[in-house]
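Me: I would like to learn how to read a few features of a protein model. Can we take them one at a time, with the general idea and then the case at hand?

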Amino acid sequence: MSVDGKSFITLMRTLQTSTEVYSICPYDVDRFIVGTVGDRRHARMIGLYGQEEDIASLTFPDKTYSAGDCRCTYLPSDGVLAVTDYREHTVQLYQIGQGTIRTVNDDIIKYPSAICGSKGRVFVACHDTNTVFEMTVQGEIVKCHDVGMERLRTISVSKDGGHMVVANSVGGCKIRLFKMEYE
């Protein structure tokens, strides 16, 4: 879809995929990275005209995910693909091009249900703790934000890292906007 200056969206094309997709984020001007469901390739690239490809140099654990068990985001400035594992309470950080993986395992990570990235930081919403934690692309957890909502479902952070939006799926189904301030 494209969005014009007056915020009208126009459907450009519909793509058929060989796998079910649960998350999507831009990779470059011609491709997206999608998080998959029921596929041993936890993330794949899809081009604007439907061409699918594996992400070169990445090897994923030998398992498949059900809907909602795996989400991903890509941070182009760092070349990092971040992938959540809902059942294992982890976040994997893949360095695209180098083929390295770093698994982040911490008591703060409980059922990671949503993920996004901005300005070298990865933000992960946890379904059962009502918090969003923030970490570096190297896997260091730097901050935990209590957002005062139950059952967090999705998250987005502005390109400049100045605002965060969080939505939930129970208790009135709220969307909250937060201003991010850094010291």
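Me: Is Asp54 buried or exposed, or something in between?

Reply: This is a predicted model, and the accessibility is computed from it. Between the limits of 20% and 50% relative accessible area, a residue counts as partly exposed. Asp54 counts as partly exposed because its relative accessibility is 43%.

Me: Which residue forms a salt bridge with Asp54 at 3.0 Å between the closest N and O atoms?

Reply: The test is a side-chain nitrogen of Lys or Arg within 4 Å of a carboxyl oxygen of Asp or Glu. Arg44 passes it with Asp54, with 3.0 Å between the closest N and O atoms. With a relative accessible area of 7%, Arg44 is buried. Through shared partners, salt bridges join Asp39, Arg41, Arg44, Glu52 and Asp54 into one network.

Me: Next, strands. Why is S8 described as largely enclosed by the rest of the structure?

Reply: In a regular strand, side chains alternate between the two faces of the sheet. For a strand, then, both faces need checking. In S8 (residues 80-85), 6 of the 6 residues are buried, so the strand is largely enclosed by the rest of the structure. Val80, Ala82 and Thr84 are buried on one side, and Leu81, Val83 and Asp85 on the other.

Me: Which strands pair with S8?

Reply: Strands of a sheet pair through backbone hydrogen bonds, either parallel or antiparallel. S7 (residues 72-75) pairs with S8 in the antiparallel sense over 4 bridges, and Leu75 has Val80 as its bridge partner. The two form a hairpin with 4 residues between them, and Gly79 in the turn has a positive phi of about 65°. S9 (residues 90-95) also runs antiparallel to S8, joined by 6 bridges, with Ala82 opposite Leu93. S8 and S9 form a hairpin too, with 4 residues between them and a positive phi of about 60° at His89 in the turn.

Me: What is the strand order in the open sheet of 4 strands?

Reply: The order is S11-S12-S13-S14, with antiparallel pairing. S11 (112-118) and S14 (141-146) stand at the edges with a single partner strand each, so one side of each has no neighbour in the sheet. From one strand to the next, the twist averages 20°.

Me: Last, how many disulfides does a search of the whole structure find?

Reply: A disulfide is a covalent bond between the sulfur atoms of two cysteines. The search finds 0 disulfides. For Cys25, the nearest cysteine sulfur is that of Cys72, 4.9 Å away. The sulfur of Cys126 is 7.4 Å from its closest counterpart, in Cys144, which is too far for a bond. Cys25 is buried at 6% relative accessibility, and Cys126 is buried at 0%.

How values were computed. Residues are numbered from 1 along each chain as its sequence is written. This is a predicted model: local features need pLDDT of at least 70, side-chain atom pairs count only at pLDDT 80 or more; totals for chains, interfaces and linings use all residues. Side-chain values use heavy atoms; hydrogens and water are left out. A disulfide is a pair of cysteine sulfur atoms within 2.5 Å. Buried means under 20% relative accessible area, exposed over 50%, partly exposed in between (1.4 Å probe, protein chains only). Two strands pair if DSSP finds at least two bridges between them. Axes are lines fitted to C-alpha atoms, for helices over the stretch in contact, and angles run from 0 to 180 degrees between N-to-C directions.
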